[in-house]
Amino acid sequence: MKFSLSVAMSPLDQLGELARAAEQAGFSSVVLPDSLFYSEKVSADYPYTPDGSRFWDEETPWVDPLVATASMGAVTERLEFYTSVLKLGSRNPVLLARQVNSVAVLTGGRFGLGLGIGWSPEEFEWCGAPYARRGKRFDEAIEVLRLILDGGMVEYHGEFFDFEKLRMSPTPPKRVPFYIGGHTDIALRRAARVADGWSSAMMTLEQLRETIGTLKALLAERGRENDPFEYQAVCVDRFGLDGFREQEEAGVTDAITMPWVFEGLGFGAEVGPKVDAIRKFGDEVIAKFGE
């Protein structure tokens with residue numbers, strides 16, 4: 001099992017130092033969340049809290065995850081980066097393909113694209129994208145991204161997106177993996193159909209165990225049971241060396257974690273204590289995990 005560092009809601013001037021510390025501590029990746037803006041009111045519940053409320057406010061810092069990847073990639077050598085997850089529903093996939101292509105090239109192929117539809121109607125509508133039929137539009141957008149990022153002169157003619165032959169150069173040095181987020185049956189089926197992995201939001205170990213079992217069955221239905229497939233997890237009830245071993249036993253291949261939380265630090269804590277927590281996690285968990 002690999003370990004990935006989440007830097008969600010950290011002050012932006014900390015990102016470079018956190019990335020360097022993660023690489024030195026043995027983390028495989030940095031995980032970047034996505035939020036376009038904070039709307040004062042929302043017309044839908046946030047799907048990953050019990051009461052539907054957001055756990056951040058209008059002052060919480062966010063950064064475009066692709067810009068952040070370029071910045072952190074410039075100060076690291078081996079560390080990989082992926083979004084968990086970027087909200088594709090409110091974005092144009094041709095423009096996004098240009099950005100992803102650039103980031104993948106500039107980082108030497110150290111980038112993976114985690115994708116979700118998005119949950120806020122306001123993010124769709126205020127960015128000029130229809131909220132209605134968002135699932136079908138999302139599926140087409142994934143097809144467009146895959147087509148362009150794989151390189152060559154390509155064209156696409158769908159219901160929502162339509163263009164004649166085009167090419168984006170240079171082609172990324174290796175194929176950009178796609179990871180699909182979401183806990184619904186539709187999201188899991190989509191991941192099994194088109195993705196290189198699945199990325200969870202906050203879940204208990206038993207929820208992860210059940211969901212991973214479902215995904216494995218769905219992959220087998222498609223003859224993909226032997227394909228490489230990542231199970232990226234934010235587990236909320238198993239921690240420490242033994243807890244992460246339980247996650248691996250449940251099928252998690254990539255544990256997403258935030259070590260400073262274990263030290264009682266908040267998102268906005270100073271960078272020094274956060275770096276210390278990363279190093280401690282590297283010594284006490286990552287270094288010992290395979291023993």
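This report describes the overall build of a predicted model of one protein chain and then turns to some of its individual residues.

## Overall build

The secondary structure of the protein chain comes to ten helices and eleven strands. The radius of gyration is 19 Å, close to the 19 Å that the globule rule gives for 291 residues, so the chain is as compact as a globular protein of that length. Taken along the principal axes, the box that the C-alpha atoms fill is roughly 55 × 40 × 40 Å.

Among contacts in the chain with a separation of 6 or more, 69% are accounted for by residues 24 or more positions apart. Of the 291 residues, 51% count as buried.

## Surface and charge

The accessible surface of the protein chain comes to about 13400 Å², and 50% of that surface belongs to carbon and sulfur atoms.

## Aromatic residues

The structure holds 18 aromatic pairs. One of them is formed by Tyr46 and Trp119, whose rings are edge-to-face, with 5.4 Å from centre to centre and 75° between the planes. This pair links distant parts of the chain, since Tyr46 lies in the loop between β2 (29-32) and α2 (65-73), while Trp119 lies in the loop between β5 (111-116) and α4 (121-126), 73 residues apart. Tyr46 is buried, and Trp119 is buried as well.

Trp56 and Trp62 also form an edge-to-face aromatic pair, with 5.6 Å from centre to centre and 75° between the planes. Trp56 counts as buried because its relative accessibility is 10%, and buried means under 20%. Trp62, at 23% relative accessibility, counts as partly exposed. Elsewhere, one aromatic cluster is formed by Phe3, Phe27, Phe239, Phe244, Phe262, Phe281 and Phe289.

## Backbone features

Most residues other than glycine have a negative phi, and most peptide bonds are trans. Against that background, some places in this model can be pointed out. A cis peptide bond joins Ser84 and Val85, with omega at about -15°, and Val85 lies in the loop between β3 (80-83) and β4 (86-87). Another cis peptide bond joins Ser169 and Pro170, with omega at about -5°, and Pro170 has its place in the loop between β7 (162-166) and β8 (178-181).

Met9, a residue other than glycine, has a positive phi near 65°. Met9 is in the loop between β1 (2-6) and α1 (15-25), and with a relative accessibility of 8% this residue counts as buried. Arg133 is not a glycine either, yet its phi is positive at about 55°. Arg133 is found in the loop between α4 and α5 (134-149), and at 47% relative accessibility Arg133 counts as partly exposed.

Glu123 is found in helix α4 and is buried, with a relative accessible area of 5%. When its neighbours within four places in sequence are left aside, Glu123 is in contact with Ser35, Leu36, Phe37, Lys87 and Ser90. Thr60 is 63 residues away from Glu123 along the chain, and the C-alpha atoms of these two residues are separated by 17 Å.

Asp139 lies in helix α5 and, at 21% relative accessibility, counts as partly exposed. Not counting residues up to four places away in sequence, Asp139 touches Arg190 and Arg193. Asp139 and Ile117 are 22 residues apart in sequence, and the distance between them in space is 9.3 Å, C-alpha to C-alpha.

How values were computed: Residues are numbered from 1 along each chain as its sequence is written. This is a predicted model: local features need pLDDT of at least 70, side-chain atom pairs count only at pLDDT 80 or more; totals for chains, interfaces and linings use all residues. Side-chain values use heavy atoms; hydrogens and water are left out. Helices (H or I, at least four residues) and strands (E, at least two) are DSSP runs, numbered from the N terminus. The radius of gyration is taken over C-alpha atoms; the globule rule is 2.2 Å times the number of residues to the power 0.38. Buried means under 20% relative accessible area, exposed over 50%, partly exposed in between (1.4 Å probe, protein chains only). Contact means heavy atoms within 4.5 Å. Accessible areas come from the Shrake-Rupley method with a 1.4 Å probe; for residues, only the protein chains shown count as cover. Rings of Phe, Tyr and Trp (its six-membered ring) pair if their centres lie within 6.5 Å; planes under 30 degrees apart count as stacked, over 60 as edge-to-face and the rest as tilted.
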